[in-house]
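Let's take a friendly walk through this structure. Have a look at the sequence and the model first, and then read on.

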Amino acid sequence: MTYWVRWEKEQKAMEVNAGKTLLEVMIEAGMHPDAPCGGEGKCGKCRVWCHGQGEEEREVLACQTRVDRDLWVRTGESVGAIHVLTGGYGRKTEIHPLVTVQRIALAPRKEQPGLSEWERLQKASGIPLRESLPMVRKLSQRNTKDGADLWIVRSREKVLELSFEQEEPQVWGAAFDIGTTSLAGYLVDLKSGEVLTTASAINPQFSYGADVIGRANYALEESEEPLTACIREKVNEMLAEMCRRAQGSCQDVYAVSMVGNSCMHHLFLGISPQSMVHAPYQPAVNRHLILPASDLGIEAASEAEVFWLPLIAGFVGADTVGGLLSTELAWQDELSLLIDIGTNGELVMGNRSRRMACSTAAGPALEGAKISCGMRGADGAIEHVEVDESGGVHIQVIGGGIAKGICGSGLIDAIAVLLRIGVIDDDGHMNSDDQIDGQPVYWFRRPQGTDSGVYLSQKDVREVQLAKGAIAAGVTLLAAQLGITLTKIEKVYLAGAFGTYLRPENACRIGLIPRELENRITAVGNSAGEGAIQILTCENAIRDAERLARETEFLELASLPEFQDVFVDELSFE
Amino acid sequence: MSKLQEVADLTERGKAKLIGAAVQGALDEGTPAPEILNTMIDAMGVVGEKFKRNEIFVPEMLVAARAMKKGVEILKPHLAGDNTVSAGKLIIGTVAGDLHDIGKNLVAMMLESAGFEVIDLGVDVPIEKFVETVKENPDVKIVCLSALLTTTMPAMKDTVAALAAEDFRSNIKIMVGGAPITQEFADEIGADAYTADAASAAEKAKELAA
């Protein structure tokens, strides 16, 4: 069975097999859709507007919309325009690319007696270019006695390529966010700073352990080698795919910047995470690293370099530094808070002059894991829950169909609503006549026929209490250590896909974020990835990153005697 | 509701803010301090039972334990000497390389409630510290080891091995626990007992110390 999909803006129509997602259709059609979450329905970047015959147009996620009838689709901005250099929501920076291309004219040898070939190059470029054997060889193989026009691709004084071609070479960079679960890649044109295309994938290390501790354990018991090999291979695959889509080659990529948590950092580089998973949880190296791509097996230009952002501590990694780089937190006098909620919730609090970071063991509950009807933010997930004036509870389901489960944002809404209507009390106790296995439950959709319905159980509420208690305790203790009151915090940056869908008032109602800060929350998307892009588009960014990492204090929550008391305090919904 | 009943109720419900006044009230009514303590201990026992039956979960255990701690603080000055019979002395700690102690603290609390005299060595405890402490306290009956991280399980294994190499091994029992620990692992490393939760740990300890 096939249907017609008509792309209004692109003025294309194509016949498509039923059941394909719009995202798959877009990829196959070479439209380079943006899906950093890998089509999991999490990131919301593949949003399009579509309608069937005679229907109203509605906003949908391309990755969650299957073609089951003829569709008319309107796409958003083009990819390049969405991901501008400046990091979307983040700090505006001017473009001073890390790698530049320069057109130079070598004077005839006779006019420059006493100069070596390399000195002639230096003179022509006006820059004390550093000698490198491959580049000196390349220059020496060309007879330039009568002078020559050439292109040099360089990163400051380091020459990455010499080209005697007429055509100006492409100069690209790639940024990667190496997440524990998913990988996001961005291909950047270093001349314009524009993101040409993006790629995403599931981290292949998944088969060695679902979380960082599991993978570290595999590395310690067996070897880190297979973990290192598979992630590098996947990065090469993503890079090749992006280059192919942008109609170039890996040889056009001169710089690769990378962010990720400390464990992903170590495993990518082939460093044992041994010191990091035992108290006092310190990484093997914390400063930023600039390494030849060829040493890491990354297939790019022969002289390309890999830039790994620095780490703050064993459980606060380069991804957090990326977040600091791309948000305003570390650049302003006003106090702010950066929250990145994942399996470990990383927090940074402070301003330009002083900052402190910590990692909280929030667990995966807020991502829908460990919750009875929990699921990813995909079709069928309850993403929002509301209560009307007469106390009626209404759910909003991704894709508009029948509710199959509940995702992170829906979970937070659900608890906030149940608190409001008194089904859950401030201690987290659920009062409900409905029970499953002796446990109180609240049905969002009762079972009908063969389908099992969607509910929230007492245990689910307890899981959320533990997760939000951990994060809230982190916030409280950071503020206490910095000697500031929460009301002094002017802005809260909420990173990650979760932050984009979260209803701030409900996050505050359940105490995930302090209530005082309700009107100060900004969702900043993948701020870590944006930070990695900034490394490419702004040559000073890597030094800024190093400074931010070194000047951000780290707070080990587990070592604070008051941690348990504060954590238990924060369990309540009061 | 009598003041004593109120103390029991507030312990079970984990009302740390209110329990102080209730304990004081019971004292003012003339209830002997040991009786109030026993009431709280029994209440914690109920909490532990409910936890085992999946009727309540970790957050409720934590708030109940904290309420009990607050209640005991008020009670302490009134407990003249130690007139409760000790079930025995035991050592507890989180193994080297691991800084996690919430679970361990819960177990310690339940053990205290069960009448044990608990020597809590804290977190990231070096192997030698466990060994020394047993030597300094020859009347110790049980050593309890906790680990939360998969990566610190080897440290638990090494600690058990070090304890086993000492002459006192036959005088002590070793109990292990923590999220990644299983009965199988406990058997493999030569521990005497494993329990899945704090309430079972207290029961098991009583059994081992008897």
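Helices (H or I, at least four residues) and strands (E, at least two) are DSSP runs, numbered from the N terminus, and two strands pair if DSSP finds at least two bridges between them. This is a predicted model, in which local features need pLDDT of at least 70 and side-chain atom pairs count only at pLDDT 80 or more, while totals for chains, interfaces and linings use all residues. Residues are numbered from 1 along each chain as its sequence is written, and chains are lettered from A in the order in which they are written.

**An open sheet in chain A**
- In chain A, 3 strands make an open sheet with the order β21-β22-β23 and antiparallel pairing.
- Its edge strands, β21 (435–436) and β23 (454–457) of chain A, each pair on one side only.
- Strand β22 (residues 439–445) of chain A is joined to β23(A) by 4 bridges, and A:Trp443 stands opposite A:Tyr455 in β23(A).

**Strand β15 of chain A**
- All 6 of the 6 residues in β15 (335–340) of chain A are buried (20 or more other C-beta atoms, placed from the backbone, lie within 10 Å of a buried residue's own).
- One face holds A:Leu335, A:Leu337 and A:Ile339, and the other holds A:Ser336, A:Leu338 and A:Asp340.
- β15(A) runs parallel to β24 (residues 489–495) of chain A, with 6 bridges between them; there, A:Ser336 has A:Lys491 as its bridge partner.
- β15(A) runs antiparallel to β16 (residues 345–350) of chain A, with 5 bridges, and a hairpin joins β15(A) to β16(A) through 4 residues.

Note on methods: A residue is buried if 20 or more other C-beta atoms lie within 10 Å of its own, exposed if 12 or fewer, and partly exposed in between; C-beta atoms are placed from the backbone.
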